[in-house]
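Hi everyone, thanks for coming. Please take a look at the structure on the screen, and then I'll walk you through some of its side chains.

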Amino acid sequence: MPAFRDHFISCCGYELHVRTWGSSEKPALVMSHGLARLADDFDHVAPQFSDDYFVLCPSMIGRGLSGWANDPDQEYTLPFYVAQTFEMLEHFKISNCKWIGTSMGGLIGLAVTAEAAGWIEKLVLNDIGPELDPAAVARIKSYVGASPEFETISDVEQIVKLIYAPFGIVDEASWSFISARSVRRLPNGNFMMHYDPEVMRVFAEHIDKFDAWDQFNALACPVMLVSGAKSDLIPPSIVEKMKAQKPKMPVLTVANCGHAPHLNDKEQIKAIKAFLSD
């Protein structure tokens, strides 16, 4: 039997895929993925936490095995992701949790704390902050807006290695795993990325207005930042501004890594476990 369970639950009128690890009797820990990613990204790290937590890894609407929006402009947005998150937590009878959010997943966690204090007890922001570097945003727009088709998984792996090189992955097995989970088969036999292309259109049209400093400054729960040493999305200048607002915030800087650390080595996991358990 697998160590995880796949759930398909109704959230805000759509089927949401949620992969869970560990016993539901344990404290809850949500792991929330980045913009163009999905629940499967945490298959390598969720088991590291499942002895102590009930780990929930959702694929947000428009990604992976979750449903696609009927109204993309309203539903591929942070407020709708937050609404789905609350319904997900209520489905599993969870009234509070800890949260690890990579990129967009961190922004969802930040927005959840702003909307309802107390739901998130501790928040780990994985290479994301209340302000984003414009050049990095332009870089992300350049690849997420395209919807290419691929004839083989080998073709997929080439582009995945290029796009996600900043993750800090060094082993071929992990690249093969990510590549296979990043696409879906089309009726013509080719592959394309697993997400609804409308997700990226909405992102591109709205991200330039992003500013979450009010939410970040108002955070009542303890927060930890995991920062890629070579990250262009939240470079050192933004990290320093975050530290100035939250002097007690622990910062784990991951060497030889950009946006965003894949949480794939023992030191990253050890530091996050220590923060969550303190």
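I'll talk about aromatic rings, then nonpolar cores, and end with the cysteines.

First, some ground rules: this is a predicted model, where local features need pLDDT of at least 70 and side-chain atom pairs count only at pLDDT 80 or more, while totals for chains, interfaces and linings use all residues. Residues are numbered from 1 along each chain as its sequence is written, and side-chain values use heavy atoms, leaving out hydrogens and water.

Let's begin with the rings. Rings of Phe, Tyr and Trp (its six-membered ring) pair if their centres lie within 6.5 Å; planes under 30 degrees apart are stacked, over 60 edge-to-face, and the rest tilted. That rule gives six aromatic pairs. One of them joins F4 and W21: their centres are 5.0 Å apart and their planes at 55 degrees, so this pair is tilted. F4 belongs to strand β1 (residues 4-11) and W21 to strand β2 (residues 14-21), so the pair ties together parts that are 17 residues apart in sequence. Strands here are DSSP runs of E with at least two residues, and helices are runs of H or I with at least four, numbered from the N terminus.

F4 is partly exposed at 26%, whereas W21 is buried at 5%.

Another pair, W213 and F216, is edge-to-face, with 5.8 Å between centres and 85 degrees between planes. Both residues sit in helix α8 (residues 213-217), three residues apart, about one turn of the helix. W213 and F216 are both buried.

Now the cores. A nonpolar core is a set of buried Ala, Val, Leu, Ile, Met, Phe, Trp, Tyr and Cys residues joined through side-chain atoms within 4.5 Å. The largest one has 72 residues, and M88 and L123 have the most contacts inside it. Apart from it lies another core of 22 residues, including F42 and V254.

Finally, how many disulfides are there? With a disulfide being a pair of cysteine sulfur atoms within 2.5 Å, the count is zero. The sulfur of C12 is 6.5 Å from its closest cysteine sulfur, in C11, which is too far for a bond. For C221, the closest cysteine sulfur is in C97, 9.6 Å away, again too far. C12 is partly exposed at 23%, while C221 is buried at 13%.

Conventions: Buried < 20%, exposed > 50% of the residue type's maximum accessible area, 1.4 Å probe, protein only.
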